[in-house]
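Colleague: I would like to learn how to read charged side chains in a model. Could we go through some cases?

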Amino acid sequence: MLLTIPGQGTLSDWEVEITPIRAQGAGGQNVNKVSSAVHLRFDIRRSSLPRPCKDRLLALNDQRISKDGVVVIKAQRFRSQEQNRADALERLEALIRSVARPAPRRRPTRPTAGARRRRLEEKVRRGRTKALRGPVKTDPADG
């Protein structure tokens with residue numbers, strides 16, 4: 001067991017692949033020797049998540065989710081690999097929690113009578129303004 005998500009169950013070790021990589025950016029002499037950043041890969045389609053949760057995850061417009069349905073999270077905020085590993089797992093958990101519950105259904109509403117009246121008044125006012133923008137008519141007597 002790797003990660004427990006309330007209402008969704010647990011994710012096993014085989015479902016999440018964590019690979020150490022070298023962190024980018026400045027870091028002095030140590031940066032070229034130590035792989036402190038991590039790449040977390042999570043295949044949504046192969047996971048043990050419930051079907052509705054998988055569907056909502058795949059429907060998300062998130063740059064971390066590839067076309068193949070694989071979540072890729074790069075964690076390099078901390079200097080230690082263990083902290084970056086924990087950070088990546090927390091971010092995966094937050095992503096899954098965000099789709100754990102379906103969005104509430106929208107109840108269609110109607111505009112109030114006052115809102116309809118104000119809209120029509122504004123349309124009339126706008127129309128009058130635009131009517132003044134027409135070409136200037138010259139009087140033939142001025143000619």
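Colleague: Which residues are linked in a network of salt bridges?

Modeller: Side chains of opposite charge can pair when their charged atoms come close. In this predicted model, such a network links Arg-77, Asp-87 and Arg-91. Within it, Asp-87 and Arg-91 meet at 3.1 Å, N to O. The two lie 4 residues apart in helix α2 (residues 81-98), so about one helical turn separates them. Asp-87 is buried at 4% relative accessible area, and Arg-91 is partly exposed at 25%.

Colleague: How many salt bridges are there by this rule?

Modeller: The count is 7. One of them joins Arg-125 to Glu-122, with the closest N and O atoms 2.5 Å apart. These residues are 3 apart in helix α3 (residues 113-131), again about one helical turn. Arg-125 is partly exposed at 47%, as is Glu-122 at 39%.

Colleague: How far apart are the closest N and O atoms of Asp-55 and Arg-51?

Modeller: They are 3.9 Å apart, and the pair forms a salt bridge; the cut-off is 4 Å. Asp-55 is partly exposed at 38%, while Arg-51 counts as exposed at 53%.

Note on methods
Residues numbered from 1 in each chain as written. Predicted model: local features only at pLDDT ≥ 70, side-chain atom pairs only at ≥ 80, totals over all residues. Heavy atoms only, no water. Salt bridge = Lys/Arg side-chain N within 4 Å of Asp/Glu carboxyl O. Buried < 20%, exposed > 50% of the residue type's maximum accessible area, 1.4 Å probe, protein only.
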